[in-house]
Amino acid sequence: MVVLADEALDQIPLIRSPKLGANFSDIPVVDLSMPGSAEALVGACEEVGFFKVVNHGVPVELAERLEAEAIKFFALPQLDKEKSGPPNPFGYGNKTIGLNGDVGWVEYLLFAITSAPLSYTSMSFLEEPSARSFRSALKEYLQAVRNLASDLLRLMAEGLKIEPIDAFSRLVMGEQSDGIFRLNHYPKCPILEKLNCSLTGFGEHTDPQIISVLRSNSSTGLQISLKDGTWVAVPPDQESFFINIVYVMAGTQVLTNGRFRSVRHRVLANGLKSRVSMIYFFGPPPAERIAPLPQLMGEGEQSKYREFTWGEYKKASYKSRLSDDRLGQFEK
Ligand SMILES: C=C1C[C@]23C[C@@]1(O)CC[C@H]2[C@@]12CC[C@H](O)[C@@](C)(C(=O)O1)[C@H]2[C@@H]3C(=O)O
Ligand SMILES: O=C(O)CCC(=O)C(=O)O
Ligand SMILES: [Fe+2]
């Protein structure tokens, strides 16, 4: 990203509340090495829809290697980065998010991920022989995070006492599944220090897939919205993963029939330190029919939504703005 011109800031929503940034110390923590982690995970999905995972088995060095490669990419001259964009919807993007007018103080690389064998959208910079270390860091990281997501989704089924145990994981691990991976860079924005306010990095939204696995560097910025609508800051932890139980899985009454919450979240740009985050979003194949799991329906209970396929939902989602309710059109 080039040096900030004030007009660039004009387009991006400023957030003026002075209280932003209070750290939220009650983020549920799920320790995968402890007995009872399935119950802890279900409790976190019901209460907050967001939790931190520790003792997750993914070597910290894998994330650090990919982070270092991402930093090298984002440090390239703007014209070189743009050879891998614009995102349609995949590729390099700068400040615009999606196709419908959302903007933020962020540049990013967005990849579609396919499984069996694991592969990702190619981009101009990845074709260069010099991108070998980027490619290998990316592949190893994606594979490790897939394994973690599969473990988490199995634990979720165990905690909810759903059979078969792969009821959720099979939805997102198959060959045609809809995986997306995003590398975000929120450059530091020193002018914010003088203005005494924050700048939207990534506007408020709920993630549209089934589950998202997020890792960031030690820079602040991520906030979640609590049940009462208050925004709280998530203290960064570069050795852990943050899990977002997302839209279709959660409060939408689609898969878990309203048992799980999905959390609205956003990222604010930092005046002093840039933030790098990497998020793997897991979704089912386009033809998958989305309806509540019968095991989670009460007797005689009806779903609030007409049945739809994942492909129909995604199509509608790409016509929406970040903060929209993307399920409205599927209500009965
Ligand atoms: C405005 C949009 C960008 C987005 C697709 C969408 O139409 C609505 C949701 C956005 C989001 C949020 C979570 C993920 O970052 C993302 C990759 C996704 O799947 O849905 C983005 C999409 C994007 O950046 O293209
Ligand atoms: O960068 C972050 O920490 C979160 C970004 C985000 O919410 C997203 O890409 O969906
Ligand atoms: Fe998100």
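**Ligand 2.** I started with the classes: the shell around ligand 2 has six nonpolar, four polar and three charged residues. My classes put Ala, Val, Leu, Ile, Met, Phe, Trp, Tyr, Cys and Pro under nonpolar, Asp, Glu, Lys and Arg under charged, and the others, Gly among them, under polar.

Before going on, a note on the source: this is a predicted model, where local features need pLDDT of at least 70 and side-chain atom pairs count only at pLDDT 80 or more, while totals for chains, interfaces and linings use all residues. Residues are numbered from 1 along each chain as its sequence is written, chains are lettered from A and ligands numbered from 1 in the order in which they are written, and side-chain values use heavy atoms, with hydrogens and water left out.

I counted 13 residues around ligand 2, with Tyr186, His205, His265, Arg275 and Ser277 the closest; "around" means a heavy atom within 4 Å. Then I looked at polar contacts (N or O pairs within 3.5 Å; within protein, one atom must be able to donate a hydrogen and the other to accept it, and residues adjacent in sequence count only if both atoms are side-chain atoms). The side chain of Tyr186 puts a polar atom 2.6 Å from an oxygen atom of ligand 2. For the side chain of Ser277, the distance from an N or O atom to an oxygen atom of ligand 2 is 2.6 Å. The polar side-chain atom of His205 lies 3.1 Å from a ligand 2 oxygen atom. The protein buries 98% of the 290 Å² that ligand 2 exposes when taken alone (Shrake-Rupley areas, 1.4 Å probe; for residues, only the protein chains shown count as cover).

Which elements give two or more residues to this shell? They are β7, β8, β13 and β14, and β14 gives the most, with four residues. Helices (H or I, at least four residues) and strands (E, at least two) are DSSP runs, numbered from the N terminus.

**Ligand 1.** Here I found 17 surrounding residues, and the closest are Arg182, Pro208, Gln209, Phe281 and Ser317. An N or O atom in the Arg182 side chain is 2.6 Å from an oxygen atom of ligand 1. Gln209 has a polar side-chain atom 2.9 Å from a ligand 1 oxygen atom, whereas Ser317 uses a polar backbone atom, at 2.8 Å from an oxygen atom of ligand 1. On its own ligand 1 has 470 Å² of accessible area, and the protein covers 98% of it.

**Cavities.** On a 1 Å grid over the protein atoms alone, a cavity is a set of points where a 1.4 Å probe fits but cannot get out; a pocket is an open set with protein on both sides within 12 Å along at least five of seven lines; lining residues have an atom within 4 Å of a point.

I get two cavities of 30 Å³ or more. Of its 34 lining residues, Ile97, Arg182, Phe202, Pro208 and Leu322 are closest to the centre. The second largest cavity comes to about 40 Å³.

**Pocket.** The second largest pocket has a volume of about 290 Å³. α3 supplies the largest share of its lining, three residues.

Note on methods
Points joined across faces, edges and corners; volume = space filled by probe spheres on them.
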